[in-house]
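Please look over the chains below before reading on. The numbered points that follow are meant for someone meeting them for the first time.

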Amino acid sequence: MKKLFALLLVVFSFTTFASAAEEKGGTFKPGDMITHHIGDDYTWHFADGLVLNLPVILYGENGLDVFSAGNFYNENHEVVPYKGYVMDHGHIYYADAQGNPRTEMVEGKEKHVGPLDLSITKNVASLFLSAILLIGVFFTIAGRYKKTEGRAPYGIQSFFEPIILFVRDEIARPNIGPKYERYVPYLLTIFFFIWFNNLLGLMPGGANLTGNIAVTLILALFTLIITLASSNKNYWAHIFKTPGVPIPLLLIMVPIELVGILTKPFSLMVRLFANITAGHIIILSLFSLIFIFESIAVGPISVAFAIFMNFLELFVALLQAYVFTLLSSMYFGGAVEEHDHVDDMGHGDGSHGLNTPVAAH
Amino acid sequence: MELVTPGIGLIFWQTITFLLVLFLLSKFAWKPIMTALRERESSIENALSMAEKAKLEMQALKAGNEKLLAEARAERDRILKEASEASNQMIEAAKAKAGEESNRMIAQAREAVTNEKRAAIAEIKNLAGNLSVEIAEQLLKRELKDATAQQQLVSDYMKEVTLN
């Protein structure tokens with residue numbers, strides 16, 4: 001099964017690369033190819049000839065427009081304007097008379113203008129797929145618990161149960177404290193959401209969803225909102241009047257602590273985005289080597305390294321889901337923590353979510 | 001720069017989809033799963049504590065049994081001891097009684113023998129007296145057939161008798 005998977009990966013990657021090279025008219029630009037692969041797209045390019053045109057949804061000066069992304073390509077696979085819109089470098093803009101993106105002067109700079117783009121892009125389609133997968137898997141498991149109540153788990157249920165218990169007992173409980181139970185559903189959801197999407201991104205033809213800053217931004221934003229919504233007065237007291245800090249120092253400390261509120265989710269956002277994107281870039285770069293050297297001899301080495309990287313990425317997929325969940329639970333723990341009455345100046349009791357240094361991956 | 005610029009479309013869909021997934025999973029997946037896990041944990045906990053309790057009860061029962069057994073053993077020993085004492089006593093008493101009885105019988109026998117002997121002696125004495133009287137009669141009859149001899153005898157007696 002693993003071998004088959006690796007083989008498929010290699011085959012699919014090769015076909016897509018070959019096509020990428022062909023599209024550029026013989027000259028292979030690894031940078032463009034990689035950017036194209038880790039970026040978003042209006043079509044889902046599984047393999048050469050196996051392309052899914054996704055719906056484009058636009059709202060702007062022409063009202064609401066919904067059409068297939070296939071309309072932007074003619075029979076020769078060239079990009080053409082459609083209905084007054086033009087696709088340029090993965091974005092849709094209003095087309096001018098010549099079929100080029102319309103520009104506008106904004107603050108002395110020339111800028112393309114386009115409608116509000118709510119298209120079902122490759123990433124959105126992948127997001128829907130993962131949502132269906134998540135709901136399907138966990139509804140099945142929940143059904144099993146009802147069906148075989150009080151009996152031993154089996155099948156998919158016994159695969160996921162230890163992971164669910166791990167999130168509850170090893171991530172939520174020790175980091176949040178006695179009020180952990182109401183955060184468990186959110187933590188489980190982000191854990192499995194990130195993990196599933198990381199894995200889907202590693203599939204041949206998969207979209208780089210968790211390596212997209214918009215997705216990680218929203219995930220981090222949810223963590224921030226929940227942290228702030230559940231914060232108690234100790235949390236704010238810690239920010240505005242850190243215990244044991246002299247008053248003049250507070251002038252420096254308060255802005256730092258306030259910025260700290262935002263840097264925590266920001267680090268969450270960047271960490272997940274960078275890790276997943278970096279993994280994709282490395283694998284793509286390894287394959288690019290074959291085309292850069294234009295030698296079949298490089299092939300086995302590239303493939304060997306890429307397979308190794310792929311297994312590493314399978315691990316990173318889980319690790320990043322864990323890290324995101326763990327850090328989220330630590331932030332929640334910091335927000336709901338009751339004052340511990342330990343004369344440690346608010347530091348150094350080890351379990352202090354706000355001040356626990358965590359090695360960023 | 002393109003890579004780190006979040007797209008509006010994806011932000012929109014991600015927010016909606018994630019909220020939907022979060023809501024659906026929380027309500028229809030995590031809630032029943034967590035409840036089931038908690039129930040199972042508590043039932044395991046209960047089962048374990050009940051097993052522990054049963055073990056303790058078993059131990060108590062075993063201890064009780066042993067106590068009963070020990071009591072029964074002690075009772076048996078006591079009964080055996082009493083029985084053997086009683087039998088000893090009975091044997092002793094029987095022995096004593098038998099001794100007494102035999103002594104008594106010996107004494108009776110001895111007495112009887114003594115009495116018999118005395119009676120026999122008395123009878124012998126009588127018999128001897130009678131015999132001697134008869135012999136003396138016979139002798140006298142023969143001796144005193146003549147008057148002279150009778151005279152002689154009377155005179156002898158007379159001589160012998162002293163009037164004092």
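1. A polar contact, as used here, is a pair of N or O atoms within 3.5 Å; within protein, one must be able to donate a hydrogen and the other to accept it, and residues adjacent in sequence count only if both atoms are side-chain atoms. By that rule, a polar atom of the Asn197(A) side chain lies 3.0 Å from the backbone oxygen of Phe193(A), and the side chains of Asn197(A) and Ser130(A) are joined by a polar contact of 3.1 Å.

2. This is a predicted model, in which local features need pLDDT of at least 70 and side-chain atom pairs count only at pLDDT 80 or more, while totals for chains, interfaces and linings use all residues. Residues are numbered from 1 along each chain as its sequence is written, chains are lettered from A and ligands numbered from 1 in the order in which they are written, and side-chain values use heavy atoms, with hydrogens and water left out.

3. Asn197(A) is placed in helix H5 (residues 184–202) of chain A, helices here being DSSP runs of H or I with at least four residues and strands runs of E with at least two, numbered from the N terminus. Asn197(A) counts as buried because its relative accessibility is 1%, where buried means under 20% relative accessible area, exposed over 50% and partly exposed in between (1.4 Å probe, protein chains only).

4. Ile276(A), in helix H8 (residues 247–293) of chain A, also counts as buried, at 4% relative accessibility. Beyond its neighbours within four places in sequence, Ile276(A) is in contact (heavy atoms within 4.5 Å) with residues including Asn198(A), Thr210(A) and Glu313(A). Ile38(A) is 238 residues away from Ile276(A) in sequence, yet their C-alpha atoms are 9.6 Å apart in space.

5. Turning to the interface, 34 residues of chain B are in contact with 50 residues of chain A. The two chains bury about 3,600 Å² between them, 79% of it on carbon and sulfur atoms; buried area is the accessible area (1.4 Å probe) that two parts lose on being put together, summed over both. Leu10(B), Phe18(B) and Trp30(B) supply 19% of the area that chain B buries against chain A, more than any other three residues.

6. Across this interface the rule finds three salt bridges, each a side-chain nitrogen of Lys or Arg within 4 Å of a carboxyl oxygen of Asp or Glu. The side chains of Glu161(A) and Arg40(B) form a salt bridge, at 2.7 Å from N to O.
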